[in-house]
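Please read these points with the structure open.

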Amino acid sequence: MIEVRNLWFKYEPNGEYVLKNISFRFHGKAILISGPNGSGKTTLLKIISGLLKPTKGMVLIEGNNLWELKGKEGLSFRRNIVYVHEEPVLFKGTVLDNIIYPLRIRGYGKDEAIRKALDTLEILNMRNLAYMNVKKLSTGQMKLVSLARAIVSKPKYLLLDEPLATLDRENMKHVLMVIKNHVLKKSNVIMASHRTVPIKFFDKTIELENGSIVEII
Amino acid sequence: MKRYKLLMLIIFIAALIIISTCSCPLILRENITVLRVSTTTSLYATGLLDMLADKFKEKHPNVVIQFIAVGSGEALKKAAMGDVDAVLVHAPSLERKYISEGTIGEGTIFAYNYFVIVGPKEDPAGVKCLSPEEAMVKIFNACEKGVAKFISRGDRSGTHVRELMLWNMVGLNPKGKTWYIETGGGMSETLMVANEYRAYTLSDIGTFLKFKNKLNELTVLVDRGDILINIYSGYVVLSSENINLAKEFIEFLVSSEAQEAIGNYGLEEYGQPLFYPIVGSSSTMLKNMWNILSSESS
Amino acid sequence: MEFIFETSEIVLRSIFVSGLATVLASAWSLPLAFLLLISESKIGRILQDIFNSLVSIPTVVLGLLLYLIFSRSGPLGVFSLLYTPCIISIGQAVLITPLMISFLTSSLGKVKETVWETAIALGASKFQASITVLKEGYVQLVRSILVGFNRAIGELGVALMVGGNIRGYTRVMTTAIALEVSKGNFDLAITLGVVLLITTLAITVIVRFLGAR
């Protein structure tokens, strides 16, 4: 359950507000944040995932305010929420090195991490890329790898920022399939997209324009 | 944040260990005593001091002499700061100041030579073989007329101090004149500049001899005159922990063995000695000269 | 023959002294630069500006300051560190610290922007994210250490003022060159200068070679 209460956000202390009085509640499995470029989708996602701190207002995830939890408790709670950037940043090394990363930092042993990583690659039909150096990947492949990296740890909340941008039709369908059949089984998904996505996919759609909510479906 | 602090602590401790292990002074090794002697670059550069130190070491194998070569002013200042045990310099007026302040004891003269006035071979000021005082006046006039220039070291070194004294003695002040060029540098650099400009300058004989083949435009014009005498004295630093050893070293410098070595130094290479020993010369004459030089203000 | 022996001794001493200086400076510059990178506070930014301007401190000025501090009549004179190779290392370490921090913050800064946020977004703790940034910015790290080393081995003011250029003990390449210049042995000085440059070039090449896995 995610609750956003009277959220205001600006990047610079004497700048303009990028998000204005956002409030909504979400109990379901998948929520879509739509809106044109610059409407504040990325900012909203980053705040929900705890990367940015609200200027005013608060975000409660299962009743917890991320910014009030400290130490070990805070860290383990934050690990339930994974955010995927629009333009993926992959670490140096092979595809596999990247995918085992979230597992290794959570304390998994190397063998187990590799096993789980390979399983995830299997689901995404990318098993053959496992040992390829990331420098050799196409942008589309990089996006898929960053997605795989995010879901491997099966986080409770998965925040995807424009996951379908730059993907061709086939890959887009593939990704949506994976989300529907595998991801949604274990995680709740919040997706930001300015492209049209089959809406019946999502329990709720929030449309942003210029930092404010214009419609909730 | 906790793990950061731990890491920083470990690194800090490691750094501390590294510093402390390498900071064991020589003294801890066996029973070696280190004698630190500050001196001037021109004196050190002749190589005389290393030669004398090696001879001293033959008699005192557990003593290491470290020479720190800087300008005269700095050498004496280091004595005042307590960082050296002995000083070897040749700037009587500065020496007197530090004697009166109690930094150093009475001086022991151990060698002397002469400053020389060098200048362009054509000698536009016409000073060849004149007395130093007359030469300085003629050089001043020639420079004012625009036919010559004068290069000064401008660095409070022994040579510079003497040059200023010469101007003072003939009542002339070149400071600020366009033909008076202050290099602020060492003797060799100053000679190079003089060579470049075909100008006059005051030099110690040692550096000039060493450098002669690079100085095609210059020649020695005036090398006689009491006022050009360059007296090298050794002093014990009164606050030194090794004061007895320092005294021994200074006394060694006037021993017959050292004096003979001093008199022969450079003979082979340059055909004339770089230094004159004091044994055999009139030590009263030298002492008088020292007194005169040290009370001349510059 | 004796010349070659003495020169080699001076070269080795230079490498050791400046190498130690670089190790020391890295030990405190790396964590400090990192903390500056991840802190968002105003103090962090002011400190960065201070370090950036300290990069251009004249070596003679720093040498003089250190001399006054470690002189027997100075506050830390009791350690008798003056005129030892050790104090040169310390002095050079202080000298190159602003340079290394400045270099690190600017070069790692770019790495940090992207890598840090990605790591945190995937669930890394601040410590884990830092390690990841260091791994990703390994090349920049090595480069900044090299920059520090080259600056240390090529400086004159500190080595001269606190080292004293003592033959067989604290004479390093730069002070040896200065001495030869003052003696008028320009040819020798230039030769030594070339030796110094070749040494730094060789070390740079070796480090890069080792780093390229």
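1. Two residues are in contact if their C-beta atoms, placed from the backbone, lie within 7 Å. On that basis, the contact between chain C and chain A takes 13 residues from chain C and 18 residues from chain A.

2. The model is predicted, so local features need pLDDT of at least 70 and side-chain atom pairs count only at pLDDT 80 or more, while totals for chains, interfaces and linings use all residues. Residues are numbered from 1 along each chain as its sequence is written, and chains are lettered from A and ligands numbered from 1 in the order in which they are written.

3. Helices (H or I, at least four residues) and strands (E, at least two) are DSSP runs, numbered from the N terminus. On the side of chain C that touches chain A, two or more residues come from each of α4 (85-121) and α5 (126-136) of chain C. α4(C) gives the most, with six residues.

4. Chain A has an open sheet of six strands with mixed pairing, in the order β6-β7-β8-β3-β9-β10. Two strands pair if DSSP finds at least two bridges between them. The edge strands, β6 (81-84) and β10 (212-216) of chain A, each pair on one side only.

5. Strand β9 (residues 204-209) of chain A pairs with β10(A) in the antiparallel sense over four bridges. E207(A) has E215(A) in β10(A) as its bridge partner.

6. Helix α5 (residues 139-151) of chain A packs on the sheet and touches β6 and β7 (157-161) of chain A. The direction of α5(A) makes about 175° with that of β6(A); axes are lines fitted to C-alpha atoms, for helices over the stretch in contact, and angles run from 0 to 180 degrees between N-to-C directions.
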